[in-house]
Amino acid sequence: MSTTLLSGKRGIITGALDENSIAWKTALKAHAQGAKIVLTNAPIAMRMGKINDLAAQTNSKVIPADATSTTDLEKLFTEAQEFLGGKIDFILHSIAQSPNIRKNIPYAELNYDFYGKTLDISALSLHKMLSTAYKMDAINEWGSVIALSYIAAQRTFSFYTDMADAKALLESIVRSFGYHYGKHRRVRVNSISQSPTQTTAGSGIKGFDTFFDFAELNSPLGNASAEQCAEYCISLFSDLSRMVTMQNLFHDGGYSMTGASADLMNAFEEDK
Ligand SMILES: NC(=O)c1ccc[n+]([C@@H]2O[C@H](COP(=O)([O-])OP(=O)(O)OC[C@H]3O[C@@H](n4cnc5c(N)ncnc54)[C@H](O)[C@@H]3O)[C@@H](O)[C@H]2O)c1
């Protein structure tokens with residue numbers, strides 16, 4: 001396989017908490033494909049996570065930023081361009097958090113302060129990031145921005161509570177900002193709708209393990225792994241996908257197009 005897909009490109013990768021994070025694997029692959037990158041995460045995650053190990057492995061710089069703070073984001077884009085030596089070619093938005101999910105609050109009883117936080121962290125942060133970059137003219141022409149989403153944006157998954165609403169908003173921002181940034185600077189914006197994946201964010205959802213097995217059975221190719229998601233990100237950061245923008249791209253082994261698989265039916269049959 002070529003190792004030059006991102007040669008000469010400069011990127012910002014958010015959300016690498018530990019080795020399981022989709023962002024962690026994407027950072028390793030971006031580095032392996034020749035990109036120069038900056039890593040960023042919320043200041044609190046810096047203390048809990050292992051991001052400095054990843055920075056050492058990828059010769060990158062860590063710039064802390066709370067993605068809900070436009071002040072932090074301005075600092076991020078300023079320092080990232082200084083370190084990388086020019087405008088940004090790609091960004092991975094890999095950020096989500098729901099205090100309601102964390103506290104096990106059911107959808108019909110959501111705490112609205114928490115709900116606001118979920119939307120701010122998991123969706124508005126993409127708008128803030130794009131808007132900051134737009135004002136600072138920080139992204140190169142034909143740059144590529146990817147946000148990570150989940151199919152609960154389109155269809156109800158009972159356990160996903162307010163994060164479903166956040167993902168619906170995130171995907172709408174992808175379309176709307178994709179239009180405006182596309183016209184303005186030919187910057188493309190897409191979301192990847194990923195299979196359930198065993199990460200800190202994923203496993204924090206009640207019933208995740210059971211649902212992971214369900215999705216595995218109902219996807220003709222099985223669940224897509226974090227590693228495979230990272231590979232898909234690289235292809236979308238590269239120049240090989242230049243005319244793809246404003247899309248929500250399912251990366252789920254066929255789950256989104258499957259009604260009921262034979263494997264799933266058989267599992268029910270065995271239980272009778
Ligand atoms: N794991 C899954 O099953 C799954 C499936 C589909 C989509 N996704 C999405 O993938 C993305 C990455 O999640 P992951 O599964 O790799 O889990 P993860 O827990 O490794 O990553 C989530 C990241 O968000 C960061 N974050 C939270 N609040 C922040 C803030 N205010 N500012 C900056 N960063 C903040 C966390 O520190 C963490 O690094 C998320 O958007 C998630 O919803 C995950």
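The legends below describe an overall view and close-up views of one predicted model.

Residues are numbered from 1 along each chain as its sequence is written. In this predicted model, local features need pLDDT of at least 70 and side-chain atom pairs count only at pLDDT 80 or more, while totals for chains, interfaces and linings use all residues.

**Figure 1. Overall view of the chain.** The chain holds eleven helices and seven strands. These are DSSP runs numbered from the N terminus: helices are H or I of at least four residues, strands are E of at least two. The C-alpha trace spans about 65 × 45 × 40 Å along its principal axes. Of the 272 residues, 45% count as buried. Buried means 20 or more other C-beta atoms within 10 Å of the residue's own; exposed means 12 or fewer; partly exposed lies in between, with C-beta atoms placed from the backbone. Among contacts with a separation of 6 or more, 74% join residues 24 or more positions apart. A contact requires C-beta atoms, placed from the backbone, within 7 Å.

**Figure 2. Close-up of helices α1 and α3.** Two packed helices are described by the angle between their axes and the distance between the axes. Helix α1 covers residues 22-32 and helix α3 residues 51-58. Their axes come within 10 Å and cross at roughly 15°. Axes are lines fitted to C-alpha atoms, for helices over the stretch in contact; angles run from 0 to 180 degrees between N-to-C directions. The angle makes α1 roughly parallel to α3. Angles under 35 degrees count as roughly parallel, over 145 as roughly antiparallel, 65 to 115 as roughly perpendicular and the rest as oblique. Trp24, Ala27, Leu28 and His31 of α1 meet Leu54, Gln57 and Thr58 of α3. By class, this contact has four nonpolar, three polar and no charged residues. Ala, Val, Leu, Ile, Met, Phe, Trp, Tyr, Cys and Pro count as nonpolar; Asp, Glu, Lys and Arg as charged; the others, Gly among them, as polar. The crossing of α1 and α3 is right-handed. Right-handed means that the near helix is turned clockwise from the far one by less than a right angle, left-handed anticlockwise.

**Figure 3. Close-up of helices α1 and α10.** Helix α10 spans residues 226-237. Its axis lies 8 Å from that of α1, at an angle of about 50°. That makes α1 oblique to α10. The crossing is right-handed. From α1, the contact uses Ile22, Lys25, Thr26, Lys29 and Ala30. From α10, it uses Ala226, Glu227, Cys229, Ala230, Glu231, Cys233, Ile234 and Phe237. Eight of these contact residues are nonpolar, one is polar and four are charged.

**Figure 4. Close-up of helices α4 and α6.** Helix α4 (residues 70-84) packs on helix α6 (residues 112-136) at about 50°, with axes 10 Å apart. The pair is therefore oblique. α4 passes α6 in a right-handed crossing. Thr70, Leu73, Glu74 and Phe77 of α4 face Lys128, Met129, Thr132, Ala133 and Met136 of α6 in the contact. The contact residues divide into five nonpolar, two polar and two charged.

Figure 5. Most residues other than glycine have a negative phi. Asn59 has a positive phi of about 50°. Asn59 sits in the loop between α3 and β3 (61-62). With 9 C-beta neighbours inside 10 Å, Asn59 counts as exposed. Val38 is 21 residues away along the chain, and its C-alpha atom is 9.0 Å from that of Asn59. Asn104 also has a positive phi, near 60°. Asn104 lies in the loop between α5 (99-102) and α6. Its 8 C-beta neighbours inside 10 Å make Asn104 exposed.

**Figure 6. Close-up of Ser2.** Ser2 lies in the segment before β1 (10-14). Ser2 counts as exposed because it has 8 C-beta neighbours inside 10 Å. Ser2 and Ala123 are 121 residues apart in sequence, and their C-alpha atoms are 34 Å apart.

How values were computed
Two residues are in contact if their C-beta atoms, placed from the backbone, lie within 7 Å.
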